[in-house]
Amino acid sequence: MFQDITTLLLDHKAFKDTVDIFVDRYRDMGISVVAGIEARGFVFGPSIALAIGAKFVPLRKPNKLPGEVISEAYVLEYGTDRLEMHVGAIEPGERALVIDDLVATGGTLSAAVRLLERMGAEVVECACVVGLPEGQRRLDGKPLYILVEPRLSVNY
């Protein structure tokens, strides 16, 4: 079954409550960077960053950022892709949160973690609104916070 956050975004109260849950979780963790994965991580990341007093760093698909970038390749079920980030967006030792809408296999989140750590950040946690059960296998023990895990449908 395809998982999507569109209905959540159409309900302003549910959307606000979702952002507030993340803000309450991360407010006192000393996070200075919220890194959002293109594109739906951009929906949640800036609001969380503003509320906790952190900067927002976009992690983009290839060739979308101007200037000098650093990139990290990753494997998808259907091929490969890359994430890019501006060089200098992260200072060594900064504490980072990675945010996206959904974790399926964990490949994109894992690439985001590697990218941030290559720049010297300490990735405190990854967070997603929806998490599929297999999503944690590629994160190598990195903490993952998920708000909703879909129920598996059972056919009788």
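These legends describe close-up views of a predicted model.

**View 1. The largest pocket and its lining.** The largest pocket has a volume of about 550 Å³. Its lining comprises 26 residues, and Tyr78, Asp100, Leu102, Ala104 and Thr108 are the closest to the pocket centre. By class, 12 lining residues are nonpolar, five are polar and nine are charged.

View 2. Strand S3 (69–76), strand S5 (95–103) and helix H4 (107–118) each contribute at least two residues to the lining of the largest pocket. S5 gives the most, with four residues.

View 3. Nine of the 12 residues of H4 are buried, so the helix is largely enclosed by the rest of the structure. Among the buried residues of H4 are Gly107, Thr108, Leu109, Leu115 and Leu116. The end C-alpha atoms of H4 are 16 Å apart, which agrees with the 16 Å that its 12 residues should span at 1.5 Å a residue. Just after H4, Gly120 takes a positive phi of about 95°.

**View 4. The β-α-β unit.** S5, H4 and S6 form a right-handed β-α-β unit. S5 and S6 pair in the parallel sense, over eight bridges. Asp100 has Cys128 in S6 as its bridge partner.

**View 5. Strand S6 and its pairing with S7.** Strand S6 (residues 122–131) is mostly covered, with nine of its 10 residues buried. S6 also pairs with strand S7 (residues 144–148), in the parallel sense and over four bridges. Here Cys128 stands opposite Ile146 in S7.

Technical notes. Residues numbered from 1 in each chain as written. Predicted model: local features only at pLDDT ≥ 70, side-chain atom pairs only at ≥ 80, totals over all residues. Heavy atoms only, no water. 1 Å grid on protein atoms, 1.4 Å probe; cavity = no way out; pocket = protein on both sides within 12 Å on 5 of 7 lines; lining within 4 Å. Points joined across faces, edges and corners; volume = space filled by probe spheres on them. Nonpolar A, V, L, I, M, F, W, Y, C, P; charged D, E, K, R; others polar. Expected span 1.5 Å × (residues − 1). Buried < 20%, exposed > 50% of the residue type's maximum accessible area, 1.4 Å probe, protein only. Pairing = 2+ DSSP bridges. Right-handed = clockwise from strand over helix to strand, strands pointing away.
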